[in-house]
Amino acid sequence: VFQGRILARRLVGQETRYEVEVKTPYRHRFPLVPREYVWVPNTCGCPPLREGGEYLLMARRHVNYEHTLNRILLRDDGYARPWTPREDRLVREAARHC
């Protein structure tokens with residue numbers, strides 16, 4: 001879970017790749033660098049992330065079977081909401097209990 005600002009969006013094959021500036025990592029099981037690519041396994045624009053917008057993102061690390069692909073994947077069951085101070089407060093409170 002992290003707060004990020006969308007810098008760019010690009011369609012790559014049947015997927016969408018977002019370049020994201022990681023602003024605040026809240027809970028992560030793998031290291032995040034200041035800029036990451038977040039992949040969405042569709043090209044329909046779901047979730048609707050706009051360039052320049054800040055979002056609270058809950059994504060998963062995806063490593064393929066051969067261990068040749070390691071990326072951050074925002075799946076259908078992931079979480080992408082516009083960032084607000086309220087979202088920040090809710091995530092910080094939840095982190096204390098999880």
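Colleague: Which residues does Asn 42 touch, leaving out those up to four places away in sequence?

Modeller: Gln 14, Glu 15, Thr 16 and Asp 76. Contact here means heavy atoms within 4.5 Å. Bear in mind that this is a predicted model, where local features need pLDDT of at least 70 and side-chain atom pairs count only at pLDDT 80 or more, while totals for chains, interfaces and linings use all residues. Residues are numbered from 1 along each chain as its sequence is written, and side-chain values use heavy atoms, with hydrogens and water left out.

Colleague: Where does Asn 42 sit, and why is Asn 42 called buried?

Modeller: Asn 42 is in the loop between strand S3 (35–40) and strand S4 (54–58); strands are DSSP runs of E with at least two residues, helices are runs of H or I with at least four, and both are numbered from the N terminus. Buried means under 20% relative accessible area, exposed over 50%, and partly exposed in between, with a 1.4 Å probe and protein chains only. Asn 42 has 15%, so it is buried.

Colleague: How far is the side chain of Asn 42 from the backbone nitrogen of Cys 44?

Modeller: A polar atom of the Asn 42 side chain lies 3.3 Å from that nitrogen of Cys 44.

Colleague: And what makes Cys 44 exposed but Cys 46 partly exposed?

Modeller: Cys 44 has a relative accessible area of 54%, so it gets the exposed label. Cys 46 comes out at 41%, and therefore counts as partly exposed.

Colleague: What kind of peptide bond joins Cys 46 and Pro 47?

Modeller: A cis one, with omega at about 0°. Pro 47 is in the loop between S3 and S4.

Colleague: On to Arg 71. Why is Arg 71 called buried?

Modeller: Its relative accessibility is 14%, so Arg 71 counts as buried. Arg 71 belongs to strand S6 (residues 70–73). Leaving out residues up to four places away in sequence, Arg 71 touches Glu 15, Trp 39, Arg 60, Arg 61 and His 62. Arg 71 and Arg 61 are ten residues apart in sequence, with 5.7 Å from C-alpha to C-alpha.

Colleague: How do you know that the side chains of Arg 71 and Glu 15 make a polar contact?

Modeller: The value is 2.8 Å. A polar contact needs a pair of N or O atoms within 3.5 Å; within protein, one must be able to donate a hydrogen and the other to accept it, and residues adjacent in sequence count only if both atoms are side-chain atoms.

Colleague: What about Val 91: buried or exposed?

Modeller: Buried, because its relative accessibility is 16%. Val 91 sits in helix H1 (residues 85–97). Setting aside neighbours within four places in sequence, Val 91 is in contact with Val 1, Tyr 26 and Leu 56. Val 91 and Leu 56 are 35 residues apart in sequence and 9.2 Å apart from C-alpha to C-alpha.

Colleague: Last one: why does Val 33 count as partly exposed?

Modeller: Its relative accessibility is 44%, so Val 33 gets the partly exposed label. Val 33 is in the loop between strand S2 (15–25) and S3. Val 33 lies 8.7 Å from Glu 21, C-alpha to C-alpha, with the two twelve residues apart in sequence.
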